[in-house]
Amino acid sequence: MSPQEVEAFFTRSDGSYLFARWGRPIVPVVFGVIEATLGVVKGAIEAVVALAGHSMAETDPELGANLMVFFIRDWAELPPVPKLDHLIPDLGPLCARLAQADANQYRLFRFDADGAIKAAFVFLRMDAHLSDMPAEDLALAQAAQVICLWSDRAFAQSSPLARVGAQVILRPDVGDIIRAAYHPMLPTVARDASHALRIAARLP
């Protein structure tokens, strides 16, 4: 993969380059699923965290849980959730915009003072498209998309997953970038495209 191809994964719609990875262990919590699906979602997160060489924990000292995944049927379900509006400013107007756009997913990140990811919120409205996806595939795709701050265009036209025979896996190029991006010699946050050169140099 060329440095230019890597750069595209973190170049935003406005042309700016922005990369961030988690600066603390990930502590996930999942809402709106049965026990069996809960294990699938957490298993996918654990797999992607292990791929990155990052870590998980039982609790976050500041937030308790810092990766919250919500499975819902309608965006109107979110505003009444107790204290959620404290974590997500303008939650009501946001849900109204998502409903108007007929969106089926939304991800929101929060960052620490240095710009590293300290929390992420994943909202999945289970419309016909998402409901047709096996839980394993949906969970893996979401885990891949929250392990780094990708460009808003990175997966607009293509999924982070690939099919190999009957099995769905994380795309090898995406997996390689995740692994390289978490190399201990690379910065947690980068705003210069030269960072893509350093990732490319560590790809297999």
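Me: Why is Asp 127 called buried?

Reply: Asp 127 has a relative accessible area of 19%. Buried means under 20%, exposed over 50% and partly exposed in between, with a 1.4 Å probe and protein chains only, so Asp 127 counts as buried. This is a predicted model, in which local features need pLDDT of at least 70 and side-chain atom pairs count only at pLDDT 80 or more, whereas totals for chains, interfaces and linings use all residues. Residues are numbered from 1 along each chain as its sequence is written, and side-chain values use heavy atoms, with hydrogens and water left out.

Me: What makes the pair Arg 125 and Asp 127 a salt bridge?

Reply: The closest N and O atoms of Arg 125 and Asp 127 are 3.9 Å apart. A salt bridge needs a side-chain nitrogen of Lys or Arg within 4 Å of a carboxyl oxygen of Asp or Glu, so the pair qualifies. Arg 125 is likewise buried, at 12% relative accessibility.

Me: What puts the buried residues of H2 on the same side?

Reply: Leu 38, Val 41, Ala 44, Ile 45, Val 48, Val 49 and Ala 52 are buried. They cover an arc of only 130 degrees around the axis, which places them on the same side of H2; the arc is that of the directions from the helix axis to the C-beta atoms.

Key: Helix = DSSP H or I, 4+ residues; strand = E, 2+ residues; numbered from the N terminus.
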